[in-house]
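Here is a friendly walk through the model shown below, arranged by topic so that you can follow along on screen.

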Amino acid sequence: MIAPRLRRRLGRGLLLGFFSVLLVAYVAGPVAWLVSSSLQTDAQITAIPPNWLPPEPTLANFEAIFGAKSEVVTYETRRQGDPATTRFLPSGAENLLPSLANSFSVGLWVALLNLVLSVTAAYAIAVIPFRGRRGALYAILVTRVIPDIALIVPLFLLVRALGLVNTQTALVTTYLAVTIPFTIFILISYFESIPADLYRAARVDGCSHVAALRHVYLPLALPAVIASLMFAFLTSWNEFIFALILTQNVAAQTLPIVISGFVMDFTTSFSFVNAAGVIAIVPPVVLAMLFERYIVSGLTAGAVKG
Amino acid sequence: MQMFRGLSYDERNAWLLVAPVFAVLVAVALYPIAYSFYTSLYDIVLTRPWRRPFVGTGNYERILADPQFWIAVQRTTVYTLVTVAATTILALGVALLLNEAFPGRRLLSALILLPWATPSIVNGLMWKWIYDPSYGLLNALLLKLGMIERYTVWLGDPAKTLFMIANAAVWKQMPLAAILMLVTMKAIPADLYRAARVDGANAFQRFIHVTLPALKPGFMLVLVYETMISIRHFDLFLIMTQGGPGDASYTLSWQIYVETFRSLKFGLGAALSYILAMATFLLSWMFIRMLGRGMEK
Amino acid sequence: MARIRLAGIAKRFGAVAALEKLDLEIADREFMVLLGPSGCGKTTTLNIVAGLEEPSEGQVFFDADDVTEVPPHRREVAMVFQSYALYPQKSVFENIAFGLRLRGMPSDEIARRVRGAAEQLEITHLLERRPSQLSGGQRQRVALGRAIVRQPRVFLMDEPLSNLDAALRVSMRTLIKKLHRQVETTVVYVTHDQAEAMTLADRITVMRGGVVQQIDTPAGIYDRPRNRFVAGFLGAPQMNFLAGEIGPGGGDFRRGDLSLAIAGTLQPGRKAILGIRPEDCAPAEGGPADIEGRVTLVSPLGSEQHVNLAVGDAELVFRLDKGLRVAPGDALGLRIQPERLHLFDAQSEERLEGARP
């Protein structure tokens with residue numbers, strides 16, 4: 001006869017275990033399938049019933065990505081490719097790697113610049129008592145109310161007038177405007193949880209506002225800073241619409257655009273597309289996993305030791 | 001007094017620190033917003049760029065009279081409702097689970113970030129592959145579990161389209177919502193639970209009377225945020241269904257895209273954008289009013 | 001060292017006035033205590049002296065310099081806080097040295113000063129530790145070290161002892177008093193604890209609702225409170241108050257059957273409030289008594305006893321020698337000197353002074 005207390009504990013353990021497994025399956029399942037698919041050939045992928053795990057894992061798809069050269073696409077080469085049975089490379093496959101580089105570059109710039117801009121503005125709004133502080137915050141947050149689609153055409157015209165089409169500058173600046181409101185919000189919440197006495201002590205000790213930011217607020221707000229960096233990088237890695245419109249030629253395009261091109265091309269080999277997806281997923285996932293702890297505590301305002 | 005003699009030290013610093021952000025936002029957000037509004041007042045069609053009469057509210061009137069618009073409204077409403085509801089409920093469940101202490105919890109917390117980190121393009125592509133009518137995982141799985149008799153069409157079935165897309169959206173958005181709720185949950189003082197236990201409340205009652213009320217601000221935040229995002233989802237629709245089949249997934253965002261970039265009716269597209277923006281603004285306003293009664297900030 | 005002058009200071013937040021018509025002069029090297037209940041504006045005043053807040057009206061002077069527009073990091077003030085406000089990621093040494101580093105002082109000079117301050121405060125053995133590893137009392141010593149090492153013009157202290165437990169508070173009070181004598185610098189000290197104010201201050205400024213009630217030496221405030229609020233705020237147990245009126249002869253206070261002679265004369269029939277400090281009495285011991293009543297409660301404190309006395313329809317508290325044997329239910333008579341009585345106008349609550357011939 002199991003003691004009631006033990007029984008409750010077992011019951012709780014079983015319940016937690018059950019839901020945990022469910023959660024893992026839900027969250028990781030689709031991605032696992034994506035990875036598995038990328039390691040199979042088209043023939044294996046289109047088998048019915050499908051191979052859950054690759055029967056003989058192959059890196060052929062990835063080789064194709066990393067080694068693709070521009071193939072002359074003629075009627076012949078296309079006809080040779082039966083998407084269901086052989087590997088067929090979509091035209092433009094060679095653009096994947098360069099676009100990867102573009103995405104990285106843009107992402108890094110956005111993350112860094114975002115940090116510089118957001119931290120200074122967040123400090124001012126959170127800490128300095130000045131007239132118009134509320135209004136400034138609302139103005140910043142309100143810019144995100146208009147859907148991006150509405151902004152595309154005028155933005156494109158502006159960018160074109162400035163001769164900045166196909167430049168990283170245009171993308172970076174656009175993404176900055178897109179990410180700043182959220183990161184400012186996170187940073188402000190975090191700054192506000194830092195005890196006011198610490199600010200007073202620093203100012204009286206001899207810190208100008210910039211010095212106070214540097215010596216007191218930044219060191220204590222590390223989680224929020226990391227969360228902001230992550231968010232800025234991931235958002236620009238992810239971003240699609242603006243990149244679609246602001247970059248016209250393949251040299252400047254970012255990863256999502258190139259991948260979407262594959263998907264639209266209905267003769268594409270599925271396993272290849274999945275492989276491309278895996279590549280697109282790796283950097284953000286690695287970053288998120290590495291910095292998970294900071295992301296969560298960065299979103300938690302009010303956990304500061306004072 | 002002294003104060004009116006120019007700005008004080010604090011104020012000068014504050015504006016200097018905020019200026020760069022403003023500069024970026026004015027260029028990238030403000031100017032396009034204003035220009036967009038301006039455009040919406042004109043009948044601009046790029047196929048006949050020489051004639052651009054001022055129509056004032058003409059575009060808006062045309063839109064409101066267009067049955068296609070109302071279909072788009074219906075699609076958007078259904079989609080947003082489903083997505084927000086599913087995201088919020090799932091997020092709550094996940095947050096509750098992660099709030100408990102058990103071995104492996106840290107790992108699980110890190111793992112749930114997987115969907116959040118997935119680019120929406122990859123998300124769409126991944127689910128599209130899973131939904132594939134001929135080779136997809138969903139069909140295989142359900143067949144194996146005996147829930148369906150043969151391979152069915154998922155995305156291509158107008159009755160199911162919106163829900164399948166919503167599923168992909170929920171999968172990606174749920175982690176962030178769960179984290180936001182978890183963070184709120186962790187702030188609930190332990191003493192409240194202790195008092196409840198002493199009063200004789202069991203786990204379920206504690207959930208109803210302590211957890212839920214204290215979660216209100218987190219709940220509201222998630223609702224507002226999710227609604228604002230879901231209402232304007234575009235990427236998934238572009239990758240997965242392109243508004244189809246037929247107009248099964250013809251949402252407002254899609255309509256804006258079609259009118260602006262396919263029909264090239266810039267004026268109309270701009271007007272539509274503004275309607276969507278107004279709707280988003282109003283909804284957020286409403287939620288924030290309700291939220292404002294729950295908490296101060 | 002600096003003489004501080006606040007002239008016509010007002011601080012308003014929208015329609016709410018945190019401070020009104022504040023005029024205050026603090027002499028060089030004086031220890032001035034701002035005393036009052038929470039929300040009375042004492043911390044706001046301190047912030048204005050520090051430059052952390054700007055007044056809506058008025059000016060701040062250090063000696064002859066108008067520093068109203070000068071930001072805090074240029075005012076040469078040092079501050080000590082109730083929450084200690086030590087930089088959590090810095091060592092104790094770095095915490096103390098921070099202000100000096102910001103001013104570009106050479107490292108050896110910094111080290112010299114920091115060690116000097118540490119010795120003075122007996123925290124030399126803690127210099128390499130982090131604030132989180134210290135007790136409350138130790139943290140506050142570090143905070144004091146941080147302040148004195150900068151040799152500022154003014155020390156500002158915002159309820160520095162309120163987070164400490166009772167015994168520690170007393171020893172820290174003594175430390176602060178000693179430091180003040182050693183550094184010979186003006187101190188402005190904020191507290192709501194009247195015992196701290198009485199023991200530390202050269203002068204006390206009592207504040208309430210943003211308005212100054214009285215500025216005087218501790219003895220002056222205690223013996224000649226300017227209004228009922230000040231009278232009730234200082235002294236524990238609180239002063240006894242009785243509402244009544246001046247007798248027909250103008251020389252006594254009447255309430256029901258009670259009649260007490262007062263010093264000097266006041267307008268007969270005038271409505272007044274009588275104040276009696278619990279210690280301003282002596283047992284009548286069979287002789288003539290000024291106040292008679294029935295004992296309702298006896299609270300022995302070890303060094304003395306507090307006796308609650310029902311007098312008519314009122315209950316008063318008195319501090320009596322512990323040797324006196326009283327028990328609840330006993331009748332007790334007390335003698336009070338008229339000079340020790342305080343009278344306040346019933347309407348304005350201002351102090352009344354009887355006219356002398």
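**Briefing on chains A, B and C**

Chain B has 13 helices and zero strands in its secondary structure. Please keep in mind that this is a predicted model.

**Chain B**

- Read from the N terminus, the elements of chain B follow the order α-α-α-α-α-α-α-α-α-α-α-α-α.
- Chain B is more spread out than a compact globule, because its radius of gyration is 24 Å, well over the 19 Å that the globule rule gives for 297 residues.
- Along the principal axes, the C-alpha atoms of chain B fill a box of roughly 80 × 75 × 30 Å.
- Buried residues come to 43% of the 297 residues of chain B.
- Among the contacts in chain B with a separation of 6 or more, 70% are between residues 24 or more positions apart.

**Chain C**

- In chain C, the secondary structure consists of eight helices and 21 strands.
- A box of roughly 75 × 45 × 35 Å, taken along the principal axes, is filled by the C-alpha atoms of chain C.
- Of the 357 residues in chain C, 40% are buried.
- For chain C, residues 24 or more positions apart supply 65% of the contacts with a separation of 6 or more.

**Where chain A touches chain B**

- Chain A puts 70 residues into this contact, and chain B puts in 67 residues.
- On the side of chain A that touches chain B, helix H1 (residues 4-38) of chain A gives the most, with 12 residues.
- That side of chain A is made up of 54 nonpolar, 14 polar and two charged residues.

**Where chain A touches chain C**

- Here the contact draws on 16 residues from chain A and 18 residues from chain C.
- By class, the side of chain A that touches chain C holds eight nonpolar, three polar and five charged residues.

**A helix pair in chain A**

- Two packed helices are described by the angle between their axes and the distance between the axes.
- For helix H5 (residues 96-127) and helix H8 (residues 168-192) of chain A, the packing angle is about 40° and the axes are 7 Å apart.
- H5(A) and H8(A) are therefore oblique to each other.
- The crossing in which H5(A) passes H8(A) is right-handed.
- Sorted by class, the contact of H5(A) with H8(A) has 21 nonpolar, six polar and one charged residues.

**A closer look at A:Tyr294**

- Which helix holds A:Tyr294? This residue lies in helix H15 (residues 292-299) of chain A.
- Is A:Tyr294 buried or partly exposed? A:Tyr294 counts as partly exposed, because it has 18 C-beta neighbours inside 10 Å, while a buried residue needs 20 or more.
- Leaving aside residues up to four places away in sequence, A:Tyr294 touches A:Pro223, A:Ile226 and A:Ala227.
- A:Tyr294 and A:Ile149 are 145 residues apart along the chain, and their C-alpha atoms are separated by 32 Å.

How values were computed. Residues numbered from 1 in each chain as written. Chains lettered and ligands numbered in written order. Predicted model: local features only at pLDDT ≥ 70, side-chain atom pairs only at ≥ 80, totals over all residues. Helix = DSSP H or I, 4+ residues; strand = E, 2+ residues; numbered from the N terminus. Rg over C-alpha atoms; globule rule 2.2 N^0.38 Å. Buried ≥ 20, exposed ≤ 12 C-beta atoms within 10 Å, placed from the backbone. Contact = placed C-beta atoms within 7 Å. Nonpolar A, V, L, I, M, F, W, Y, C, P; charged D, E, K, R; others polar. Axes fitted to C-alpha atoms, helices over the stretch in contact; angles between N-to-C directions. Parallel < 35°, antiparallel > 145°, perpendicular 65-115°, else oblique. Left-handed = near helix turned anticlockwise from the far one by under 90°.
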